[in-house]
Amino acid sequence: MTVPDEARLDPLAGISLRERRGASAERAPFYLPAGDEISIFEQAHRHQLAVMLKGPTGCGKTRFVEHMAARLARPLVLISCHDDLAASDLVGRYLIRNDGTVWQDGPLTRAVRSGAICYLDEVVEARQDTVVVIHSLTDHRRTLAIDKTGESIEAAAGFQLVVSYNPGYQRMLKDLKPSTRQRFIAIDFDFPSAEREARIVGHESGADGATVHALVALAARLRGLQDRGLAEVPSTRLLIAAARLIAGGIAPRSACYNAIVSPLSDDPTLLAAMRDLVDASFV
Ligand SMILES: Nc1ncnc2c1ncn2[C@@H]1O[C@H](COP(=O)(O)OP(=O)(O)O)[C@@H](O)[C@H]1O
Ligand SMILES: [Mg+2]
């Protein structure tokens, strides 16, 4: 069963933001746990601890947060970070209108006021001076200072900060500052085991068992190409895309070329190696 999803774009900040309200545990989006991450997150939420989700792209971090927000019946505010993201994009800004100047809260401020779970996706992409605005929210103060209005807002009960971070993308300059890192508890994510991945791909795509198992086995072989220079290996997300195409009637090899092989590389040698593995998996 899917949770009603209100997705919209904040025209002001260009931040994609999604809020869910009033969902219950039964209606939470499907999430297959790897270990004790659900109870760790529940305890972190209860004790008002900020959480950092570490792991490669497409391995379930966003789905986990969506699931937890629904389980905990908290609204979710989702912010995709990028290197142009300014503090005012998070906190808010004055808008000039013909009837005067009005203050408009940014998504972080709205989350703080409403007691939402605020998820900063790919937080390392944001500039350091932007990341600093979250510091006072992650310690005992639990306040957000809005310099421009002079306001200091105490976070409503239930407010929780969650960030995601891909250590594989770690670059010296873009690494998180130690003073920021130490404000979070961390939960590690990785690609699921073959058995778990098959359950996830099957659930998300509706493809038959044989197709799902062939895709998961193919993924393991493709992930082995990392040593041969494949920078981005296929995530569970790409397998689901291929499985959906196959379930919709596309020939398996074509589905894999289009949904897995081509998105991952432009390098002719790697593309040929990946196509060979596809051809061997789907005869
Ligand atoms: N443990 C899991 N349980 C359920 N679905 C998962 C899981 N891991 C991955 N998925 C599926 O893979 C897709 C991509 O995961 P996502 O959460 O968007 O990755 P990330 O945020 O880590 O980049 C999800 O939309 C979901 O369909
Ligand atoms: Mg994500």
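Visitor: What order do the strands take in the open sheet of five?
Guide: The order is S4-S7-S10-S3-S11, with parallel pairing. Strands are DSSP E runs of at least two residues, helices are H or I runs of at least four, and both are numbered from the N terminus. Two strands pair if DSSP finds at least two bridges between them.

Visitor: Which strands stand at the edges?
Guide: Strand S4 (76–80) and strand S11 (184–188). Each has a single partner strand, so one side of each is left without a neighbour in the sheet. The twist averages 20° from one strand to the next.

Visitor: Before I go on, where does this come from?
Guide: It is a predicted model: local features need pLDDT of at least 70 and side-chain atom pairs count only at pLDDT 80 or more, while totals for chains, interfaces and linings use all residues. Residues are numbered from 1 along each chain as its sequence is written, and chains are lettered from A and ligands numbered from 1 in the order in which they are written.

Visitor: Back to the sheet. How many bridges join S3 to S10?
Guide: Four, between S3 (residues 50–54) and S10 (residues 160–165), and the two run parallel. Met-52 stands opposite Val-163 in S10. Leu-53 stands opposite Ser-164 in S10.

Visitor: And how many bridges between S3 and S11?
Guide: Five, again in the parallel sense. Leu-53 has Ile-187 as its bridge partner in S11.

Visitor: What about S7, buried or exposed?
Guide: Mostly covered: five of its five residues are buried. Buried means 20 or more other C-beta atoms within 10 Å of the residue's own; exposed means 12 or fewer, partly exposed is in between, and C-beta atoms are placed from the backbone. Ile-117, Tyr-119 and Asp-121 point one way from S7, while Cys-118 and Leu-120 point the other way.

Visitor: What does S7 pair with?
Guide: S4 pairs with S7 over five parallel bridges, and Val-77 has Cys-118 as its bridge partner in S7. S7 also pairs with S10 in the parallel sense, over four bridges. There, Leu-120 stands opposite Val-163 in S10.

Visitor: Which strands does H2 lie across?
Guide: S3, S4, S7 (117–121) and S10. H2 runs at about 175° to S7. Axes are lines fitted to C-alpha atoms, for helices over the stretch in contact, and angles run from 0 to 180 degrees between N-to-C directions. Helix H4 (residues 107–114) also packs on the sheet, touching S4 and S7, and makes about 160° with the direction of S4.

Visitor: How many residues of H2 are buried?
Guide: 10 of its 11. Among them are Lys-61, Glu-66 and Arg-71. The buried residues of H2 pack against helix H1 (37–46), S3, S4, S7 and S10. After H2 comes Ala-73, with a positive phi near 55°.

Visitor: Core next. How many residues in the largest one?
Guide: 44, and Cys-118, Tyr-119 and Val-162 have the most contacts inside it. A nonpolar core is a set of buried Ala, Val, Leu, Ile, Met, Phe, Trp, Tyr and Cys residues joined through C-beta atoms within 7 Å. Its largest share, five residues, comes from H2 (residues 61–71). A second, separate core has 25 residues, including Leu-215 and Ala-219.

Visitor: What is Val-162 in contact with?
Guide: Leaving aside neighbours within four places in sequence, Val-51, Leu-53, Val-65, Ile-117, Cys-118 and Tyr-119. Contact means C-beta atoms, placed from the backbone, within 7 Å.

Visitor: Why does Ala-219 count as buried?
Guide: Because it has 24 C-beta neighbours inside 10 Å. Ala-219 lies in helix H8 (residues 209–223). Beyond four places in sequence, Ala-219 is in contact with Pro-234 and Leu-239.

Visitor: New topic, the ligand. Which residues come nearest to ligand 1?
Guide: Gly-60, Lys-61, Thr-62, Arg-63 and Arg-237, of 15 around it. A residue counts as near if its C-beta atom, placed from the backbone, lies within 6 Å. H2, helix H7 (194–205) and helix H9 (236–247) each supply at least two residues of that shell.

Visitor: Last one. How many helices and strands in the protein?
Guide: 11 helices and 11 strands. Of its 283 residues, 36% count as buried.

Technical notes:
Two residues are in contact if their C-beta atoms, placed from the backbone, lie within 7 Å.
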